[in-house]
Amino acid sequence: MQLLWREPWLKPLIDYDIDSENCSLCKGKFDDISFVTSCEFCVIGIMHDKCANLHILESHISELNTKILQHKEKPLHDFQ
Ligand SMILES: [Zn+2]
Ligand SMILES: [Zn+2]
């Protein structure tokens, strides 16, 4: 089984304490190759990439909005 972090892309999941082959959210088993990520707002564990998106939208919408605002306040150096 090969689990890949969403960010940065294709980084093998080697230094994470994996005690389960199942997604923390949907409890589904990971496929042979799965894109996974952990929640940056809590310690729910590793999830499918798409499950993490759902989890964050359902459980951390206020934290997410705060983060979006912080990004908006950054200077736009990347575009200069
Ligand atoms: Zn899942
Ligand atoms: Zn979370």
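Guide: Let's start with Q2, which sits in strand 1, residues 2-5. Strands here are DSSP runs of E with at least two residues, helices are runs of H or I with at least four, and both are numbered from the N terminus. Keep in mind that this is a predicted model, where local features need pLDDT of at least 70 and side-chain atom pairs count only at pLDDT 80 or more, while totals for chains, interfaces and linings use all residues. Residues are numbered from 1 along each chain as its sequence is written, and chains are lettered from A and ligands numbered from 1 in the order in which they are written.

Q2 counts as exposed because it has 11 C-beta neighbours inside 10 Å. Leaving out residues up to four places away in sequence, Q2 touches D32 and I33; a contact means backbone-placed C-beta atoms within 7 Å. S34 lies 32 residues along the chain from Q2, yet their C-alpha atoms are 6.7 Å apart.

Now M1, in the segment before strand 1. M1 is exposed too, with 11 other C-beta atoms within 10 Å. Beyond four places in sequence, M1 has contacts with E21, F30 and D32. From M1 to S34 it is 33 residues in sequence but 8.3 Å in space, C-alpha to C-alpha.

Zooming out, the elements run β-β-β-α-α from the N terminus. Buried residues are 16% of the 80 in the protein. Of the contacts with a separation of 6 or more, 36% join residues 24 or more positions apart.

The largest nonpolar core has 10 residues, including L3, F30 and V36. Such a core is a set of buried Ala, Val, Leu, Ile, Met, Phe, Trp, Tyr and Cys residues joined through C-beta atoms within 7 Å. Helix 1 gives the largest share of this core, 3 residues.

In helix 1, the buried residues are C51, A52, H55 and I56. They line one face of the helix, because they fall within an arc of 135° seen down its axis; that arc is taken from the directions from the helix axis to the C-beta atoms. Strand 2, strand 3 and helix 2 are among the elements covering them. L57 and E58, on the other side of helix 1, are exposed.

Methods:
A residue is buried if 20 or more other C-beta atoms lie within 10 Å of its own, exposed if 12 or fewer, and partly exposed in between; C-beta atoms are placed from the backbone. Two residues are in contact if their C-beta atoms, placed from the backbone, lie within 7 Å.
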